[in-house]
Amino acid sequence: GDGDGRSVGEGSGGGGDGGGGRGTAEEEEEKEGDFDPAAAARRLARYWECRRSIFGDAACYGAGALPEPMLVDFQKYHARTRRILEDPRAYDMVRRDAEEMIQAIHKKKIESLNEDIEKMADIFDEDLKPEENDDEAASEALLKEAALILAKETSDELKLQFLLVEDMIEKNAARRLLRYWENGLRLFGPGLRQKNRVTLEDIKDCTELIRCQQVRLMPEEDEFGRSILVWRQIVSPNDEDSEPGRLSAEKMSHLGINEYHYAKVAWYFCHAAMERESCRRNGFVLVVDARVGDVNGMKRQAHRRAMMDVGNCVPLVWRAVHVLARPDLWWWQRQVFWGFASIASISLRRRIVIHTGSMDQSLCRLGGDFGIRAERLPSDLGGTLEADYFSSWLEERRIRGL
């Protein structure tokens, strides 16, 4: 026969027509089904033999013939493997393979993270010891040293959460973990090392901020499984104490409320959200109620920066910030909003949305475009959540010692 016929004859090991002979190797492999390792190995060998015969050795063994995987390729593979584990429709065998691979990746990544922490500790020992008679530098050095110890002692589960937030990049996760413990020790002192948890008892000096509902964690996630934190402006716009749930600047000064109290409240509610597995996996969104302006808002830039520092060190992903503002914004109010945006990271700035329509328009857009429906928001934001849910939630946590 022609050339194709000879190939078939030679490849099949003898004569015979298509109906009575053994058939080609390709036909045999097709009969073996998918995911057959022997068939895949034979096919792979034929592929490289054919490639070398057509393009020469350089196409098989030369530089660049097999491109090296990049970080983004690894991140995509890791995300795809995690999705298999979370997919109830996946075959048991596929899920077992994915679980083994994920465990191997996580173990190796945690080992690399530990190595980076050790390198940071070595650098500290060599270069960052304070000079004599510098009390402030000595105090900061002691704090950093304690933070490094806590970073080393952090559980593998929490280390993995830092890795996931930082896209499995060990160096970034190590830096974030160190900032986390530095902030925690600065806010709550060395007792944090023993307790390893912050409770309502530890933020008793923030009672007024909690009473005014400065930060609230919504009981349900949004349509995308992200936890919802609501922040409201509690400083009275007229600098008076007559409005319920708000404080005048004078009273805040009298109570000694400063940026550390703002940061403590942010720390507590971020960790309350982190108790949810869905929040650790999907992150959270922040809804800012800025309809009531603060004439001295620019003076409280340090307060907002302290809250942002906490948000940027806890092992959670900020998915978006939605600012609810009045339609008739004055120029100074716009400056306050963009002042808030200026202290956010570049990646977070791209996810800040300012809503300046009516409340109905804002709620419609939040629900329709961003999955934050009215039934998941408090009544003071036009939602349908009962007003007393927050006090009940706090009391339950107080009883449980949380």
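Is the crossing of α7 and α9 left-handed or right-handed? I looked this up in a predicted model, where local features need pLDDT of at least 70 and side-chain atom pairs count only at pLDDT 80 or more, while totals for chains, interfaces and linings use all residues. Residues are numbered from 1 along each chain as its sequence is written, and side-chain values use heavy atoms, without hydrogens and water.

**Helices α7 and α9.** I took helices as DSSP runs of H or I with at least four residues, numbered from the N terminus. The axes of α7 (residues 135–153) and α9 (residues 170–188) come within 8 Å and cross at roughly 125°, with axes fitted to C-alpha atoms over the stretch in contact and angles running from 0 to 180 degrees between N-to-C directions. The two helices are therefore oblique to each other, the class left after under 35 degrees (roughly parallel), over 145 (roughly antiparallel) and 65 to 115 (roughly perpendicular). The crossing is right-handed, meaning that the near helix is turned clockwise from the far one by less than a right angle. I noted that the contact (heavy atoms within 4.5 Å) includes L143 and L150 of α7 and W181 and L185 of α9.

**Aromatic pairs.** My search of the whole structure gave 11 aromatic pairs, counted when ring centres of Phe, Tyr and Trp (its six-membered ring) lie within 6.5 Å. Y180 and W267 form a stacked pair, 4.9 Å centre to centre with 20° between the planes, where stacked stands for planes under 30 degrees apart. Y180 lies in α9 and W267 in α13 (residues 259–274), 87 residues apart.

Key:
Rings of Phe, Tyr and Trp (its six-membered ring) pair if their centres lie within 6.5 Å; planes under 30 degrees apart count as stacked, over 60 as edge-to-face and the rest as tilted.
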